[in-house]
Amino acid sequence: MIGNFMGKRTSYVKQFISTEEIASIRGFYEKMDPAPSGGPWKSSTVRLGHEGAWDRSLHLDKPGFIPGKMIVDRLQRQFGDFDVYTSSIRYLAAPFAPHSDVISADWLLKKRATGLLPGWKFLIPLAWIDGYNPKTYIFSNPPENNEKLYSEYQHDLPYITNEQDSKNFSIKTILEWEEPGDLLAWEDFQWHCSSNPDGMEYNLTDWRSACKEFISVETMRKS
Ligand SMILES: [Fe+2]
């Protein structure tokens, strides 16, 4: 299913990787890096006070059989050739506030200078905790007249402390995570964030208690 809303597309592909592949991928990377790195950081943008995730590298640069390379090949067959600029298995500690994935203006200028164009962002859910219904929100910026505003979805979104920051967004698409192994994708650099259902509590100290685990691949197109 590919939606085309005012230019930039989103996509949801059922069972992009199989249950057996999920098990072998998790096993492979856990053996390679017993503990992920990083973790949540303090954030004054959201009322929760923290954002962020722990990460395990996909080790795409290593020689030999690496499951992440198989995933990238499969993505390129469906979405065309691209360069990967960030990739990992992520363990969500606290939901991300709206952001665009542009690392910095300087970074974008360097990419442009080498002829690269905005590509697709890919998420492949691997697991989430019982009773949780994860979603990824994609926003219009500026807000579209026929779309709900960020402020109307505060029950399911990270509460932004400064109303000045949220007034420019409306809800373009909600990508509900249906099953581990599905693929969520959107054309960059659309603003997006994690859902944050009312009453949800997050574990900020133990990646094993993360509410969701997913592969994240950020790319730029060559043409
Ligand atoms: Fe992101």
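How many helices and strands does the secondary structure of the protein chain come to? The chain has 4 helices and 11 strands, where helices (H or I, at least four residues) and strands (E, at least two) are DSSP runs numbered from the N terminus. This is a predicted model, in which local features need pLDDT of at least 70 and side-chain atom pairs count only at pLDDT 80 or more, while totals for chains, interfaces and linings use all residues. Residues are numbered from 1 along each chain as its sequence is written.

**View 1. The open sheet E8-E7-E10.** An open sheet is formed by 3 strands in the order E8-E7-E10, with antiparallel pairing, two strands being paired if DSSP finds at least two bridges between them. Strand E8 (170-176) and strand E10 (192-194) are the edge strands, each of which pairs on one side only. On average, neighbouring strands of this sheet are turned by 25° against each other, direction ignored, the axes being lines fitted to C-alpha atoms and the angles running from 0 to 180 degrees between N-to-C directions. Strand E7 (residues 135-140) is joined to E10 by 3 bridges, and Thr136 stands opposite Ser194 in E10.

**View 2. Tyr137 in strand E7.** Tyr137, which lies in strand E7, is buried because 23 other C-beta atoms lie within 10 Å; a residue is buried if 20 or more other C-beta atoms lie within 10 Å of its own, exposed if 12 or fewer, and partly exposed in between, with C-beta atoms placed from the backbone. Not counting residues up to four places away in sequence, Tyr137 touches Leu157, Ile171, Ile174, His192, Cys193 and Ser195, contact being defined by C-beta atoms, placed from the backbone, that lie within 7 Å.

**View 3. Two cis peptide bonds.** The peptide bond from Asn141 to Pro142 is cis, with omega near 10°, and Pro142 has its place in the loop between E7 and helix H4 (163-166). The bond from Asp188 to Phe189 is also cis, with omega near 0°, and Phe189 lies in the loop between strand E9 (183-187) and E10.

View 4. Most residues other than glycine have a negative phi. Gln15, in the loop between strand E2 (9-13) and helix H1 (19-32), has a positive phi of about 45° although it is not a glycine, and is partly exposed, with 13 other C-beta atoms within 10 Å. His59, found in the loop between strand E4 (50-57) and helix H2 (67-79), has a positive phi near 50° and counts as partly exposed, with 18 C-beta neighbours inside 10 Å.

Key. Two residues are in contact if their C-beta atoms, placed from the backbone, lie within 7 Å.
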